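I hope they are handy while you have the coordinates open.

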Amino acid sequence: MRLPYELVLGWRYTRAGRATRRNGFISFISGVSMLGIALGVAALIIVLSVMNGFQKEVRDRMLGVVSHIEVYGPGGGVLPDLERTLREASSHPQVKGAAPFVAAQALIARGEDMRGALVRGIEPAREPQVTDLARTMKAGVLQRLVPGEFGVVLGAELARSLGVQDGDPVTLIAPGGQVTPAGIVPRLKQMTVVGTFDSGHYEYDSGLVLMHLEDAARLFRLEGPTGLRLKLEDLHQAREVAAQLASSILTGPVVVRDWTRQNRTWFAAVQLEKRMMFIILTLIVAVAAFNLVSTLVMTVTDKRADIAILRTLGASPRSIMGIFVVQGATVGVIGTLAGLLLGLAIAFNIDVIVPALETALGASFLPRDIYLISRMPSDPQSGDIMPIAVISLVLAFVATLYPSWRASRVNPAEALRYE
């Protein structure tokens, strides 16, 4: 099959250029443009993959501790009718697990060390139905939460900061106080640490305390659970299901809140940051793509005689323009493909590359006490990769239009006057 001569000449101009010093410089500039496009595309893929992985990792770890939907009593008080609310919520086809809970703020102390904590009263038998945290704990830890014995399960970081282990006593200080003849005295209760958990999410590992539902209700002087936690078949349907529960399924004065609203600010910040990084890194690709303009302008100047000869042989201005469009587009395609391969190779192996760099440099890129997770995640998504490739190719094509148009306007008589 005979290829159009525009493709053949465009490819020849792309790979040639080392015969003379001037052509060698043009070839060098073309290679720099190709390398710039490749690095820009690779950087876009790597950064967006890491941001996707970070968001997914934090979301999964967060949902291992919190539930998809939480139903609260009015004003943060006790649920008016737990059994009715539980029955109504379980009737929704998306709900596959439900468990009551008590949530309150408190201080937990060990000697002179004191930490603020979120106390969550749970039913050990029902807890695995609503969170994955119960499945990741050591076997039998939740079963140690026996009503009346006031045992607690602490986050690993919280236990480490207090210096406690299984079997050690801690003091829990509840908000409010008791009115005595001597004045208001804070309510103190000595608890026993019966286990720890490690969710991988620093916020919860350093500030969450689990205890039995009945002990929590007694400690905080509540008549029952303050809320109901629900787990769904599809976590992405949480907002729709929450709206349905609040509008037409649940009766009575209750407040329904899904996991996307509980952490709305964080997810909005991540999306905004991802969008801005995409724009900034796309500018890098644009700069590299528009380096093709200078490359093609120099090529057109160098090939004026060749253009004039082609015109005298009958080549149309459109064919001349097509030759240089092919040359520039070839650089863009090769640079984009190289960037895709490089970016995907790093994105899929970042869990190996980053630890190797940390070991070589003796540094930690994600300290646990600063960031929510301690390893670099990556989640390449086709929804990000395809737009990156298309934008890179479009920018490279647009950059070829003006030099190619200039080449098509070359006057054969003027170009051959001094040849």
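1. Of the 419 residues in the chain, 47% are buried (under 20% relative accessible area; exposed is over 50% and partly exposed in between, with a 1.4 Å probe and protein chains only). Please keep in mind that this is a predicted model, in which local features need pLDDT of at least 70 and side-chain atom pairs count only at pLDDT 80 or more, while totals for chains, interfaces and linings use all residues. Residues are numbered from 1 along each chain as its sequence is written, and side-chain values use heavy atoms, with hydrogens and water left out.

2. The chain holds 15 helices and nine strands (DSSP runs numbered from the N terminus: H or I of at least four residues for helices, E of at least two for strands). Take the contacts between residues at least 6 apart in sequence: 80% of them join residues at least 24 apart (a contact means heavy atoms within 4.5 Å).

3. Now to the rings. The whole structure contains two aromatic pairs (rings of Phe, Tyr and Trp, the last by its six-membered ring, with centres within 6.5 Å; planes under 30 degrees apart are stacked, over 60 edge-to-face and the rest tilted). In one of the pairs, tyrosine 72 and phenylalanine 101 have ring centres 5.9 Å apart and planes at 80°, so this pair is edge-to-face. Because tyrosine 72 belongs to strand E1 (residues 69-72) and phenylalanine 101 to strand E2 (residues 95-110), the pair ties together parts 29 residues apart in sequence. Tyrosine 72 and phenylalanine 101 are both buried.

4. Lysine 189 lies over the face of phenylalanine 150, at 4.3 Å from the ring centre.

5. Is lysine 231 buried or exposed? Lysine 231 has 9% relative accessibility, so it counts as buried. Its place is in strand E8 (residues 227-232). The C-alpha atom of lysine 231 is 5.3 Å from that of histidine 68, although 163 residues separate the two along the chain. Beyond neighbours within four places in sequence, lysine 231 touches several residues, including His68, Gln94, Asp132 and Arg135.

6. Histidine 212, in strand E7 (residues 208-212), is also buried, with a relative accessible area of 9%. A polar atom of its side chain lies 3.1 Å from the backbone nitrogen of glutamate 214. Leaving out neighbours within four places in sequence, the contacts of histidine 212 include Gly121, Pro124, Leu145 and Gly151.

7. Arginine 239 is in helix H8 (residues 238-249) and is partly exposed, at 40% relative accessible area. From C-alpha to C-alpha, arginine 239 and arginine 257 are 8.3 Å apart in space and 18 residues apart in sequence. With neighbours within four places set aside, arginine 239 is in contact with Asp258, Thr260 and Arg261.

8. Finally, a helix pair. The axes of helix H10 (residues 264-302) and helix H12 (residues 317-348) come within 11 Å and cross at roughly 145° (axes are lines fitted to C-alpha atoms over the stretch in contact, and angles run from 0 to 180 degrees between N-to-C directions). Which residues of H10 and H12 meet? Leu292, Leu296, Thr299 and Val300 of H10 meet Phe324, Gln327, Gly328 and Val331 of H12.

Definitions and conventions:
Lys NZ or Arg CZ within 6 Å of the ring centre and 35° of its normal. Polar contact = N/O pair within 3.5 Å; in protein donor to acceptor, adjacent residues only side chain to side chain.
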